[in-house]
Amino acid sequence: MTASPHISEAQVWNWLEDVPDPEIPVISVVDLGVVRAVSVSGDAVEVTITPTYSGCPAMAVIAMDIETALAKHGVPSVQLKTQIAPAWTTDWLSDKGRARLESYGIAPPQAAGGPARCPQCKSTAVERVSQFGSTPCKAQWRCTDCLEPFDYFKCI
Amino acid sequence: MNHLFEFLLRQGDNALVLGHRTSEWCGVAPALEEDIALANTALDLIGQTQLWLGYAAEVEGQGRSANDLAYLRDVYDFRNVLMLEVPNADFGRTLMRQFLFDAFQVPWLTALCGSSDTHVADIATKSVKEATYHLDRSADTVIALGDGTEESNARMQAALDHLWPYAGELFGEDETDQAMQKKGIAPLPASMRNDWDRTVHGTLSEAALRAPDSAFAHSGGRSGFRHTEHLGHMLATMQTLQRSYPGAAW
């Protein structure tokens, strides 16, 4: 744990790439699009985050994980700022994040409002079970070919 | 009177009281999917509450927090409409209430996205995304149950008959509403009436339900002048921890 004399913003973004989303650990908080800005002033780092859904209980954990990760890299002072505007949208999920979601078994969000295909067997024969799922950001769908239920990351 | 503070309490208390009532279904809903849907809806509403009451506390400038406003105010300091505080009763009535509220909330929050107060506009922009899928679900459920079996139709009609006299309070108008309109912070709630009528009557006719032929509306919640006896009981449960152990935190 040695404080780097010159922390760069790019360096902080890199470190944050390794902070997993607490609910969907295959993607990072950067892939999820909740990290909106990083600014460095001397030894002090300010990270701006935005909630996915207004009541998302993971936000407190995300904030703590970011502080912990940066502390591990020797950042002596981390300031976390929460902003709600512009409102988070699934458009901010990175392509890498979308691909990882699908290989993890969660269909990535689509503008059409439903999954493009079953993340297991890739069939397009899918139907909605419920608009709500295991976390605020997900809906429950199922594949009528392989019959597997799966999570769909809701598009907002 | 600080009209902006009053206005923000109305927004926050509507979300808080409905959010708490909805959370009462957690673990006891009729099906797992519904249980999850109700819990998630409650979570969205509590999240919106934090935004509204957080801003209300800031505007008030008395050093209170969103938590203080939620947990340490008493019945007559609440500014939610009465419809949201009456007990859930059965699943049908819970979803009918959600629908009557969502049908108001979607055009209302959409209008607030253009508020002259940027903080109000930001909260509305965030919240309307959630209100939109709440309305999708509550309207679908009203149709499925209304146009379902004889039993489910009868229960939904009873739910509608019970809730109808409460719905009119959503469109109330007093000097706070007029002050908000004057400053361009919010339109008059009554200007949502056409949108609401269209959504409600369209859905009810698909649901094989009849809106009661009465314009009578209970009032008193949004001014705090007269709440139902149910709110105190709800607050007793909701606030017990902070009342017993002030300042307790997770």
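Author: Helices are DSSP runs of H or I with at least four residues, and strands are runs of E with at least two; both are numbered from the N terminus. By that rule the elements of chain B run α-α-α-α-α-α-α-α-α from the N terminus on. The count is nine helices and zero strands.

Reader: What kind of model is this, and how are residues and chains labelled?

Author: This is a predicted model; local features need pLDDT of at least 70, side-chain atom pairs count only at pLDDT 80 or more, and totals for chains, interfaces and linings use all residues. Residues are numbered from 1 along each chain as its sequence is written, while chains are lettered from A and ligands numbered from 1 in the order in which they are written.

Reader: How do you know whether the radius of gyration of chain B agrees with that of a compact globule?

Author: The radius is taken over C-alpha atoms, and the globule rule is 2.2 Å times the number of residues to the power 0.38. For 250 residues the rule gives a value near 18 Å; chain B has 17 Å, so the two agree. Its C-alpha trace spans about 55 × 40 × 30 Å along the principal axes.

Reader: What is called a nonpolar core here, and which residues have the most contacts inside the largest one?

Author: A core is a set of buried Ala, Val, Leu, Ile, Met, Phe, Trp, Tyr and Cys residues joined through C-beta atoms within 7 Å. The largest has 107 residues, and A56(B) and M83(B) have the most contacts inside it. Helix 2 (residues 32–60) of chain B supplies the largest share, 13 residues.

Reader: Which residues does M83(B) contact, neighbours within four places in sequence aside?

Author: Contact means that the C-beta atoms, placed from the backbone, lie within 7 Å. By that test the partners of M83(B) include R97(B), L100(B), F101(B), Y166(B) and E169(B).

Reader: What makes the three strands of chain A a sheet, and where are its edges?

Author: Strands pair if DSSP finds at least two bridges between them. Strand 2 (residues 44–49) and strand 3 of chain A have six bridges and run parallel, so they pass that cut-off. In this pair, E46(A) stands opposite Q79(A). The open sheet has the order 1-2-3 with mixed pairing. Strand 1 (35–41) and strand 3 (77–82) of chain A are the edges, each pairing on one side only.

Reader: Why are strand 4 and strand 5 of chain A at the edges of their sheet?

Author: This sheet is also open and mixed, with four strands in the order 4-7-6-5. Strand 4 (106–107) and strand 5 (126–130) each have a single partner strand, so one side of each is left without a neighbour in the sheet. Strand 6 (residues 138–143) and strand 7 (residues 149–153) of chain A are joined by five bridges and run antiparallel. There, K138(A) stands opposite F153(A).

Reader: How many residues meet between the chains?

Author: Fifteen residues of chain A, written 15, are in contact with 20 residues of chain B. The chain A side has nine nonpolar, six polar and no charged residues. Ala, Val, Leu, Ile, Met, Phe, Trp, Tyr, Cys and Pro count as nonpolar, Asp, Glu, Lys and Arg as charged, and the others, Gly among them, as polar.

How values were computed: Contact = placed C-beta atoms within 7 Å. Buried ≥ 20, exposed ≤ 12 C-beta atoms within 10 Å, placed from the backbone.
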